[in-house]
Amino acid sequence: MENIYNYSLTNLEKLVISLGYKKFNAGQIFDWLYKKRITSFNEMTNVKKELIDYLNENFTLGSIDTLAVEKDTDVCKFLFKLNDGQKIEAVYMNHDYGNSLCISTQVGCNMSCAFCESGRLKKVRNLESCEMVEQILQIEEELKLRITHLVLMGIGEPFDNYDNVMNFIDIINENKGLGLGARHITISTCGLVPKIKEFARYDKQVNLAISLHAPNNEIRNKIMPINKAYKIEELISALKEYISITNRRVTFEYILLKDINDTTKCANELSDLLRGMNCYVNLIPYNETSHIEFKKSDKDSITRFYDTLKKRGINVTVRKEFGSKVSAACGQLRSKHEEGK
């Protein structure tokens with residue numbers, strides 16, 4: 001049976017029309033799913049019984065279960081179990097600008113970034129759109145709030161699951177559905193250049209973030225294998241093309257790793273690399289894990305790096321740190337459960 005949360009409104013309209021029903025019936029179903037949050041098709045009181053029977057016979061309403069929750073000040077981390085027994089994570093963060101959620105897009109990840117806990121447990125499969133949708137629905141129900149901002153920055157590389165991710169965005173952006181504004185959605189990629197170029201022609205104003213984490217090929221090759229396929233120069237060229245087409249600002253994510261990429265020399269190189277681009281840099285203090293040897297940069301190094309970028313005209317922020325009492329690193333909660341700790 002199919003999962004109903006895989007269907008965008010457009011695709012649901014095509015389905016009900018093919019069954020001999022009216023286009024507006026799809027809107028009714030969407031309203032019950034995303035506004036009224038039904039748990040059974042039988043709750044849809046204004047939908048014809050024959051259509052409800054068809055949905056009961058051909059569709060399911062759920063595919064993930066909450067396995068564990070870890071909470072700290074302004075942050076809540078969820079571990080979900082999927083129908084096939086695989087596990088994924090999502091993280092809720094309370095920011096001053098709203099309720100932000102970071103979701104997973106794959107089970108595991110094949111990008112193998114050296115500093116990333118997610119990449120230690122390799123990709124098992126892509127998530128379906130429904131499994132991304134349900135991360136939002138379950139957390140909104142659990143926390144009794146509405147998610148206002150979404151980042152696709154959890155386990156997995158979103159552009160390695162491009163079609164499902166784009167369908168997912170169509171679903172959650174639909175006003176009759178979750179109505180999450182495109183400008184409040186951010187996709188993060190480690191730099192799959194062909195997909196960045198394709199995304200530049202996507203018709204919604206979704207934000208793009210780049211996991212850069214190094215100012216030159218030498219360092220990036222050591223910590224991010226994707227750089228061996230798409231060098232920094234090729235990545236920056238694709239991003240300049242993206243900016244020229246979309247007229248949208250790009251965010252560069254930069255995790256500061258002690259004695260690796262946090263020197264003043266690196267800050268100057270990064271300034272040179274990004275000068276003139278419509279972008280800003282988000283400096284991220286590293287979340288250390290027991291499995292990976294990288295260490296968090298000290299406060300003086302972070303401040304010095306920030307000041308160097310600022311003085312050289314680069315828009316820069318330092319990400320607020322969350323989750324000192326939870327498994328903060330991306331993929332850490334999942335790996336703990338997978339390894340029986």
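Modeller: Gladly! Let us begin with a crossing: H4 passes H5 in a right-handed crossing. A crossing is right-handed if the near helix is turned clockwise from the far one by less than a right angle, and left-handed if anticlockwise. Helices (H or I, at least four residues) are DSSP runs, numbered from the N terminus. This is a predicted model, where local features need pLDDT of at least 70 and side-chain atom pairs count only at pLDDT 80 or more, while totals for chains, interfaces and linings use all residues. Residues are numbered from 1 along each chain as its sequence is written, and side-chain values use heavy atoms, with hydrogens and water left out.

Biologist: At what angle do H4 and H5 pack?

Modeller: Two packed helices are described by the angle between their axes and the distance between the axes. For H4 and helix H5 (residues 162–173), the angle is about 45 degrees and the axes are 8 Å apart. Axes are lines fitted to C-alpha atoms over the stretch in contact, and angles run from 0 to 180 degrees between N-to-C directions. H4 and H5 are therefore oblique to each other. Angles under 35 degrees count as roughly parallel, over 145 as roughly antiparallel, 65 to 115 as roughly perpendicular and the rest as oblique.

Biologist: Which residues of H4 and H5 meet?

Modeller: Contact means heavy atoms within 4.5 Å. Ser129, Met132, Val133 and Ile136 of H4 meet Asn164, Val165, Asn167, Phe168, Ile171 and Ile172 of H5. By class, this contact of H4 with H5 has seven nonpolar, three polar and no charged residues. Ala, Val, Leu, Ile, Met, Phe, Trp, Tyr, Cys and Pro count as nonpolar, Asp, Glu, Lys and Arg as charged, and the others, Gly among them, as polar.

Biologist: How do H1 and H2 pack?

Modeller: Helix H1 (residues 9–18) and helix H2 (residues 23–34) pack at about 130 degrees, with axes 8 Å apart. That makes H1 oblique to H2. H1 passes H2 in a right-handed crossing. Leu9, Leu12, Glu13, Val16 and Ile17 in H1 touch Lys23, Ala26, Gly27, Ile29 and Phe30 in H2. This contact of H1 with H2 divides into seven nonpolar, one polar and two charged residues.

Biologist: And H10 with H11: at roughly what angle do they cross?

Modeller: The axes of helix H10 (residues 264–274) and helix H11 (residues 299–311) cross at roughly 30 degrees and come within 9 Å. That makes H10 roughly parallel to H11. H10 passes H11 in a right-handed crossing.

Technical notes:
Helices (H or I, at least four residues) and strands (E, at least two) are DSSP runs, numbered from the N terminus.
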